Amino acid sequence: MRRNNKRYWFKLFNASHILLLTVAILWGCSSKIIQTENVRQRISINEGWKFFKYHSAKEADSLIYDARPEITIETENKVADAKPTEAVEAVTKQQVLKPWILPSANDFINDPAQKHIRPEGNPGGDFPFVQPGFNDGNWENVNLPHDWAAKGPFLTGLDSEVGGGMGRLPVNGVAWYRKKMDIPATDKGKSVFLDVDGAMSYAIVWLNGQLVGGWPYGYNSWRLDLTPYLNFGGENQLAIRIDNPNHSARWYPGAGLYRNVWLVKTSPVHVAQWGTTIKTTNISKESATISLKVKVDNQSTNNVETEVSTSVFELDKKGEKSAKPVAVFEPMKMQLQAGESVSGEHSVKIENPKLWGPPPTQQPNLYVAVTTLSQKGKIIDEYETRFGIRSLEFNPDKGLLVNGDRIFIKGVNNHHDLGALGAAFNTRAAERQLEILREMGCNAIRMSHNPPTPELLELTDKMGFLVIDEIFDSWERKKTPHDFHLIFRDWSEPDTRAFIRRDKNCPSVIIWSFGNEVGEQYTAEEGAALAQRIQNIIKEEDPTRPTILAMNFAKPEMPLSAVPDLIGLNYQGEGIRQDPEFEGTDRIRTPAQYNAFHQKFPEKMILSCETASAFSSRGIYLFPVSDQVSAPVRDGRGGDSNICQVSSYELHAVDFGSTADKVFASLEKHPFVAGEFVWTGWDYIGEPTPYYEAKSSYSGIIDLAGFKKDRFYLYQSHWRPDLPMVHILPHWNWPERVGEITPVHVFTSGNEAELFLNGKSLGKKKKGEYEYRLRWDEIRYEPGELKAVAYKNGGVWAEETVKTTGEAAQLKATADRKIISADGKDLSFVTLEICDNEGLMVPRSNNLIEFSIEGPGEIVATDNGDPMNLVAFPSLSRNAFNGMALAIVRSKPGKKGTILLKAKSAGLKDAEIKIESK
């Protein structure tokens with residue numbers, strides 16, 4: 001790379017030419033496959049599985065992937081930014097299946113000398129669970145996606161087998177899934193694959209008693225070729241063993257076949273797995289040049305010639321293709337030897353392209369490329385690749401430019417669980433999360449800290465969110481005794497390549513992240529060399545996107561910082577533990593680092609991959625109220641360890657973090673920073689800092705049930721300055737505080753506001769420089785009405801009123817959607833509020849609510865957003881938490897009609913709501 005006047009834009013080197021990232025790149029995503037009976041079939045096999053889990057590790061079978069080290073130190077309640085440590089060697093004398101599983105990775109290992117040779121033998125072939133004749137009639141019937149731990153029960157106490165870090169749910173253990181499949185005789189001669197979008201974890205697959213292969217990493221998608229093991233024209237027995245170790249994660253990982261599973265049938269000559277790559281150059285309003293690379297596998301025993309043809313169609317908002325193609329590629333011919341894979345590339349110009357970009361200033365327009373393979377005029381394969389056309393520039397001074405427009409990144413981090421549904425993926429639940437985040441003003445998601453399910457990226461493509469796609473939370477140094485470090489040396493290359501090949505065409509994915517706060521930040525040149533190895537793999541797979549590492553310790557002068565294309569900082573931008581009370585600590589202490597990194601790397605864009613990590617419990621307000629902008633949580637200072645809750649005045653954060661107010665100011669003082677990803681958008685199961693007695697986090701802007709905390713409105717006021725809004729906190733039900741100081745804070749997108757108490761003005765306040773809330777800290781409580789009138793540019797902008805309510809008198813039910821699909825997957829999220837006779841929510845009510853349902857639906861889970869509530873998610877009884885509770889209703893497959901959800905609570909008027917399943 002060359003410097004030009006000490007500043008230059010990020011450039012990528014690709015073969016013999018330099019590709020400037022201002023050149024537009026067009027991506028396809030998930031490579032959706034046409035389900036054509038005679039060409040290619042992608043068949044969901046989610047229904048009709050049998051499930052069994054051993055009661056304990058002692059009872060489990062010995063068909064292990066590999067030995068694991070013993071747990072010798074306590075890992076629960078470990079500080080989140082504690083230094084990762086060296087791996088511990090594990091030794092075993094029993095047979096392990098690792099040598100038979102490693103060949104499953106061969107397609108993702110580039111060096112032929114490093115590919116694995118499968119040993120002779122069939123381990124586990126005589127084990128009863130893999131045999132077709134085994135009687136599994138007493139096993140549990142389940143459908144996928146399935147998270148075996150989500151139903152609970154929650155484990156209690158600080159000495160529980162699974163602690164707060166992993167969510168207090170029984171995720172650990174060994175379990176089996178079995179499914180019978182009829183494969184018709186007409187499929188003989190086809191290639192048949194098992195595609196697993198994700199299995200947590202150490203999945204091992206047998207078919208008809210034969211060991212096929214597996215994949216250890218629970219977050220990646222993978223494929224196994226079933227063809228050699230199939231009984232065409234008869235019944236086939238599929239058996240999958242899952243081994244989910246305890247102490248394997250810092251958050252709730254879920255357990256089992258928690259994503260979709262598919263059977264894919266193709267011609268022996270077919271487009272390879274994730275075998276298309278699309279990119280564009282020369283984008284203008286008039287045209288864009290599209291390049292398409294297609295990889296074709298020949299699994300037949302014959303040498304063949306095939307013709308590759310591709311047409312491009314627009315996709316409407318419903319995902320339907322346009323009637324006519326907008327561009328057609330010139331066909332290309334390929335010659336393939338038996339057993340060979342060959343790639344070919346061709347290009348076409350598209351006229352008047354509709355660009356993909358993030359709302360509200362741009363629109364996420366999508367296209368689909370339909371690729372066909374033909375032999376002697378007969379179509380033998382069809383393959384769809386969804387994509388979008390957009391240009392990206394990562395500018396060290398201006399930040400991110402999408403299609404030439406500066407887009408400030410207003411992002412959040414999200415873990416993969418879906419609250420009360422656990423980790424079992426559901427499209428509607430994920431869509432709801434994104435919809436609420438968009439309402440707040442969020443435009444970007446960091447997939448922390450693992451590859452997401454493919455359907456989540458379909459949603460971000462469709463909705464126009466920008467995405468950092470992340471692969472690893474740890475490398476060779478461990479954060480927990482049984483995390484990914486155990487398999488990193490064997491699987492880091494195949495996992496990285498598989499991750500990128502799957503997601504490389506998604507227009508929403510703009511950056512590859514290959515490490516989060518990894519322990520190799522501490523190992524100088526050794527760590528940098530390891531980082532460079534992974535960086536090289538990424539560039540081999542996709543030289544068009546930049547890379548990033550999320551660094552909470554590495555400083556500008558450390559060798560690791562120089563490896564990635566972009567600078568990613570976790571909490572370092574604002575400074576870590578800089579208050580005097582942290583002097584002498586052995587934890588990370590770092591002055592604010594934005595300027596230091598900008599000076600050291602003037603050619604690299606800087607981005608905060610994690611900011612804030614602020615804490616609060618929805619509806620909880622603790623006194624006294626801090627006079628600081630940002631403060632740590634301690635008893636009497638925003639926290640109460642007796643009830644394990646944090647105040648919602650939104651003034652407190654984890655020791656190494658900062659409040660939203662402090663982060664906003666820091667970013668505005670450093671305009672070269674491209675933006676932030678807040679930790680976190682939603683509360684998530686596990687990692688309940690600062691109270692590990694709890695089951696879920698406190699850091700979300702939105703609680704686990706999907707209810708907005710006060711912090712939501714602070715972000716909305718800053719991220720959506722054109723939205724007229726004002727928000728008052730706290731609630732105004734404080735009978736025990738009459739005459740006592742009870743501060744009132746106001747969040748508004750206006751620049752000033754006037755506060756009234758019972759009609760009397762308490763004065764007008766205006767935001768100062770680097771101020772993001774208005775504070776009335778000397779108000780003495782008296783019951784009645786608070787009213788805030790916000791102003792902008794001298795005129796009334798927005799108003800809000802908060803009243804002292806009456807006693808709890810009734811329940812009120814509200815559904816996010818009253819019409820759902822009768823497909824057995826669609827959901828309606830029903831909010832229950834405890835209200836007074838006037839219909840006002842009573843903010844401190846925690847009454848027990850009983851739920852029931854009639855009609856073609858079922859209640860799959862309930863919740864209330866309280867991190868300390870350890871009632872199992874499937875329970876039909878749930879206490880409200882500060883006036884609110886949630887019931888999640890799912891349709892029954894193929895059954896249409898009216899679903900009636902009822903809710904009752906002793907002494908209160910019942911509520912019911914109708915939902916139509918169509």
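**Figure 1. Secondary structure and overall dimensions of the chain.** In this predicted model, the secondary structure of the chain comprises eight helices and 52 strands. The radius of gyration is 28 Å, close to the 29 Å that the globule rule gives for 918 residues, so the chain is as compact as a globular protein of that length. Along the principal axes, the C-alpha atoms occupy a box of roughly 90 × 70 × 60 Å.

Figure 2. Of the 918 residues, 63% are buried. Among contacts with a separation of 6 or more, 73% are between residues 24 or more positions apart. The chain exposes about 34600 Å², of which carbon and sulfur atoms supply 48%.

**Figure 3. The open sheet β14-β15-β19.** Three strands, in the order β14-β15-β19, form an open sheet with antiparallel pairing. Strands β14 (269–281) and β19 (341–351) lie at the edges, each pairing on one side only. On average, neighbouring strands of this sheet are turned by 20° against each other, direction ignored.

**Figure 4. Pairing of β15 with β19.** Strand β15 (residues 287–298) runs antiparallel to β19 and is joined to β19 by 11 bridges. Val 294 has Gly 344 of β19 as its bridge partner.

**Figure 5. Surroundings of Asn 516.** Asn 516 belongs to strand β27 (residues 509–516). Because its relative accessible area is 0%, Asn 516 counts as buried. The side chains of Asn 516 and His 449 are joined by a polar contact of 3.3 Å. Leaving aside neighbours within four places in sequence, the residues in contact with Asn 516 include Arg 250, Arg 446, Glu 470, Phe 472, Asp 473 and Glu 610.

Definitions and conventions: Residues numbered from 1 in each chain as written. Predicted model: local features only at pLDDT ≥ 70, side-chain atom pairs only at ≥ 80, totals over all residues. Heavy atoms only, no water. Pairing = 2+ DSSP bridges. Helix = DSSP H or I, 4+ residues; strand = E, 2+ residues; numbered from the N terminus. Axes fitted to C-alpha atoms, helices over the stretch in contact; angles between N-to-C directions. Buried < 20%, exposed > 50% of the residue type's maximum accessible area, 1.4 Å probe, protein only. Polar contact = N/O pair within 3.5 Å; in protein donor to acceptor, adjacent residues only side chain to side chain. Contact = heavy atoms within 4.5 Å. Rg over C-alpha atoms; globule rule 2.2 N^0.38 Å. Areas by Shrake-Rupley, 256 points an atom, 1.4 Å probe, with all protein chains shown as cover.
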